[in-house]
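Dear colleague,

Please find below the structure that I am handing over to you. My findings follow it.

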Amino acid sequence: MTTLTPQKPAIPQPGGDITPAPEPRPAQEPAWRELVDAVREAGQYPTRSEAESVTRIVLSALGGHVVGDERVDLARALPEEAARVVASQIPATRSLTAAEFVDSVAARIEGATPATARWDVSSVLSVLPPLVGDELVTRILDQLPPGYALLFGRAELTPAA
């Protein structure tokens, strides 16, 4: 049996020697670390690992509910690792209310309750507006059912009757 492995590009060295290209670095670019650190601070998580896990879970849940140009623009505005998490999600077949969204996140986090999941969701989503811009967040909120604004750290204004 033959096993195929991808070829690493060669890097020519002075004197004609060729060395293989270095291994790619893990997905820990500075912008991703800054995002996770912002989530860690907002959510007061004791470890970076916990903040990273919550960030991935919430962004993956969000990625299934933001569609169209807003999804593309969100992925472009996020750090590369976060963009991959958002873009890799299959679009949801139905919109979830904000409460259902929080419950869906609770189901992905071991030992989470609706209250702790709401904290987790808000800890991640509230750091996005300064990162991706208020205009994009407004467009995303226009696409989602009512109730999500509070999760992004915004007041939910309803029109007067």
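In what follows, a residue is called buried when its relative accessible area is under 20%, exposed when it is over 50%, and partly exposed in between (1.4 Å probe, protein chains only). This is a predicted model, in which local features need pLDDT of at least 70 and side-chain atom pairs count only at pLDDT 80 or more, while totals for chains, interfaces and linings use all residues. Residues are numbered from 1 along each chain as its sequence is written, and side-chain values use heavy atoms, with hydrogens and water left out.

The chain has 161 residues, of which 37% are buried. Eight helices and two strands are present (DSSP runs: H or I of at least four residues for helices, E of at least two for strands, numbered from the N terminus). Their order along the sequence is β-β-α-α-α-α-α-α-α-α.

Gln 44 lies in the loop between helix H1 (30-43) and helix H2 (48-63). Its phi is near 55°, a positive value in a residue other than glycine. Most residues other than glycine have a negative phi. Gln 44 is exposed, at a relative accessible area of 65%.

Helix H5 (residues 98-108) packs against helix H6 (residues 114-125) at an angle of about 100°, and their axes are 8 Å apart (lines fitted to C-alpha atoms over the stretch in contact, with angles from 0 to 180 degrees between N-to-C directions). H5 is therefore roughly perpendicular to H6 (65 to 115 degrees).

Yours sincerely

Methods
Angles under 35 degrees count as roughly parallel, over 145 as roughly antiparallel, 65 to 115 as roughly perpendicular and the rest as oblique.
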